[in-house]
Structure formats: structure tokens, C-alpha cells
Amino acid sequence: MTQTNITDRPTRVAIIANGKYQSKRVASKLFAAFKDDRNFYLSKKDPDVVISIGGDGMLLSAFHMYEKNLDTVRFVGVHTGHLGFYTDYRDFEVDKLIENLRADKGDKVSYPILKIKITLENGQEVTARALNESTIKRIEKTMVTDVIINHVKFERFRGDGISISTPTGSTGYNKSLGGAVLHPTMEALQLTEISSINNRVYRTLGSSIIIPKKDKIEIVPKRQGIYTFSIDNKTIHYKNVAKVEYCLDSKKISFVATPFHTSFWERVKDAFIGGQDS
Ligand code: NAP
Ligand code: MN
């Protein structure tokens, strides 16, 4: 846990909620609490704290709304459903959230994010950041790409696609693909295959790979066509892709540290195993 510089100016708070009735109710309660408090200033512009109300999906949207402000912003997630992975508070804990923000000294907890660079054949470069994962797929035909890890030409992949996830994203799409769950304090990326073809002719490693901070992953398409990229909850298509590079970003996402802490393993258990204890 580290501290941001706290000055005497009011904390600028942006409140973002999804369309659910319950989320709007939580948002109104927070608005009412901070509106007349001179230590807070409600503003969607250059906030110090972004409160996302909804689910993990809503926090992904909030992250992309403020991804240019990662140096200064801290996020707080309120879940208006079950316990989430990016959400420290449930909807019935709003009073506790208000109390904790009033006592806040700028403490934060930070997690790694993914940097993606897509280079097109005409030399154009597109960069993006992902909080959960980015996938590359070729929909119309088998995707054929070379996978290069830290300059080692590792394998020629044939199949539906490849996912590169962050530690906090490892419990999302990556897990559905059979990838491992990574503790979010580990500074690593995970490459997971999406339906690779494996037979006596074509060969890939098959298991997912955990890649350390210093290593870069490159994917080089071997067929012309349309490639579909997902970046968290967004999708984009590019033709004539020359290569795609993935590494851990130099910036991290920061969350307001809470005085209590829900263990990551508690969240994994709650989300995927449930209450059975026998
Ligand atoms: P969505 O289709 O509405 O929701 C996908 C589900 O993933 C929701 O239950 C969401 O939780 C949950 N989720 C999101 N991030 C997670 C994380 N880091 N760990 C565990 N669960 C997580 O889409 P969305 O809400 O916009 O979220 C986009 C994400 O969905 C993508 O980044 C990807 O990880 C995931 N996804 C999964 C699959 C799959 O498993 N086959 C396919 C595509 C995308 P909430 O209900 O709290 O929002
Ligand atoms: Mn969702």
C-alpha cells in the first residue's frame, strides 16, 4: 500500500453508475452525502477518486473512461449484485464507503495492466490498454500466427485465437478458456489459447503460459484477412495486421485502499465455488 500526496484542496469525486435501479439509488445516496461536504467536490473532470457503481463490467468501463488519468486517479468499485473482483463494497455498504472516504488519507493499492500495440502493414500503429485482457481472433477462417516470446519464435499457432490477460483479468475470460487464476499482486501476463488445432501436423504448447514483467509477447499473423481484437468490453477489427505486441504497461490501476480487505481467495471462492464447506 502506498500514499498519494494529499493537499488541502477538496477531493474531486466522479460517480459513475450503470442503468440498474439499484445502482442509481446508490449513486443518489453518494451524491447527497458529498454535495454539501466542503472536503469533496463532485466532478467528472480530472477526478481524484472515481466511484464505479454496478459490477466488474462497470469498473472496466470506468477504467477506460479515465485511462488517461491513471497517474492521479484512484478507483472504488461498488457492486450492486454479488461480490465482485474489482469491487470492495456492496450496495448495502454505502455508509461504510462514505465514512471511509471521509477518513481517507490517500492510501492506494495498485495492480498491473496490459499494453497492446497493433502495427498495420502500412506502418500505422494503434496502442491500447486493457485491465482484464485483450484477445485476437480471426473469425472467417482458422487464425494462423507466429507466437514470439521475448524474441524467441516459440510456436506457430493455428486455431480460433489467443487471449493475453492481466492478473486481475485472469478470473474473467481467461478462466473460461482454461487459464490459471493469478493472484493480482503478481506482475505477470498470461497467454491462453482459444481452441488451438493440435494433431500430428500442427502443434502448440496447449497449456497457458505465465510471462514475467520483463518479457514481451509478439503475435505475427501469417494470413491476410480481418482480425478481431477485444480489449476488455470493446471490440475492434483490423485488416492487414503486421504484428501485435503485448507487455505489462508502465502504469498501473490504483484503487482506494479500504481499512478492511476482502481476501482475493475469498472472492475466487465466492465467485466460482460457493458456500459448500464439506
Ligand atoms: P459481460 O458479458 O456483461 O460479463 C462477463 C462476466 O464477466 C460478468 O459476470 C462480469 O462480472 C465478469 N467479469 C468481468 N471482469 C471479471 C474479472 N476480472 N474476473 C471475474 N469476472 C469478471 O461483459 P462485461 O461485464 O462488459 O465484461 C467484459 C469481460 O467479460 C471481458 O473483459 C472478459 O473478461 C469477460 N468475458 C468472458 C467471456 C467468457 O467467459 N466466455 C467471454 C467474453 C468476455 P459483473 O457481472 O460483475 O460485471
Ligand atoms: Mn457485466
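**Aromatic pairs**

I looked up Phe 229 and found it buried, at 1% relative accessible area. Buried here means under 20%, exposed over 50%, and partly exposed in between, with a 1.4 Å probe and protein chains only. The model is a predicted one: local features need pLDDT of at least 70, side-chain atom pairs count only at pLDDT 80 or more, and totals for chains, interfaces and linings use all residues. Residues are numbered from 1 along each chain as its sequence is written, chains are lettered from A and ligands numbered from 1 in the order written, and side-chain values use heavy atoms, without hydrogens and water.

I counted rings next. The structure holds nine aromatic pairs. Rings of Phe, Tyr and Trp (its six-membered ring) pair if their centres lie within 6.5 Å; planes under 30 degrees apart are stacked, over 60 edge-to-face, the rest tilted. Phe 229 pairs edge-to-face with Tyr 238, at 6.0 Å centre to centre and 65 degrees between the planes. Tyr 238 is buried too, at 19%. Phe 264 and Trp 265 are another edge-to-face pair, at 4.8 Å and 70 degrees. Phe 264 is buried at 8%, while Trp 265 is partly exposed at 48%. I also noted a cluster: ring pairs link Phe 75, Tyr 86, Tyr 111 and Phe 255.

**Charges over rings**

Which ring does Lys 96 lie over? I find Lys 96 over the face of Phe 260, 4.3 Å from the ring centre. The charged end of Lys 175 sits over the ring of Phe 272, 4.2 Å from its centre. The rule asks for NZ of Lys or CZ of Arg within 6 Å of the ring centre and within 35 degrees of the ring normal.

**Salt bridges**

I get 21 salt bridges, each a side-chain nitrogen of Lys or Arg within 4 Å of a carboxyl oxygen of Asp or Glu. Glu 245 meets Lys 216 at 3.0 Å, N to O. This pair links distant parts of the chain, 29 residues apart: Glu 245 is in strand 17 (residues 241-256), Lys 216 in the loop between strand 13 (209-212) and strand 14 (217-221). Strands are DSSP runs (E, at least two residues), numbered from the N terminus. Glu 245 is buried at 11%; Lys 216 is partly exposed at 26%. Glu 245 also bridges to Lys 243, at 3.9 Å. I traced the network of salt bridges: Lys 117, Glu 125, Lys 216, Lys 243 and Glu 245.

I checked Lys 153 as well. Its side chain bridges to Asp 146 at 3.6 Å. Lys 153 is exposed at 55%, whereas Asp 146 is buried at 4%.

**Loops**

Arg 138 sits in the loop between strand 9 (133-137) and strand 10. Arg 138 is buried at 9%. Its side chain reaches the backbone oxygen of Thr 142 at 3.1 Å.

Then I looked at phi. Most residues other than glycine have a negative phi. Asp 46 has a positive phi of about 45 degrees. I place Asp 46 in the loop between strand 3 (40-42) and strand 4 (49-54), partly exposed at 45%. Asn 150 has a positive phi near 50 degrees. Its loop runs between strand 10 (143-149) and strand 11 (152-165), and Asn 150 is partly exposed at 28%.

Terms used. Helices (H or I, at least four residues) and strands (E, at least two) are DSSP runs, numbered from the N terminus. A polar contact is a pair of N or O atoms within 3.5 Å; within protein, one must be able to donate a hydrogen and the other to accept it, and residues adjacent in sequence count only if both atoms are side-chain atoms.
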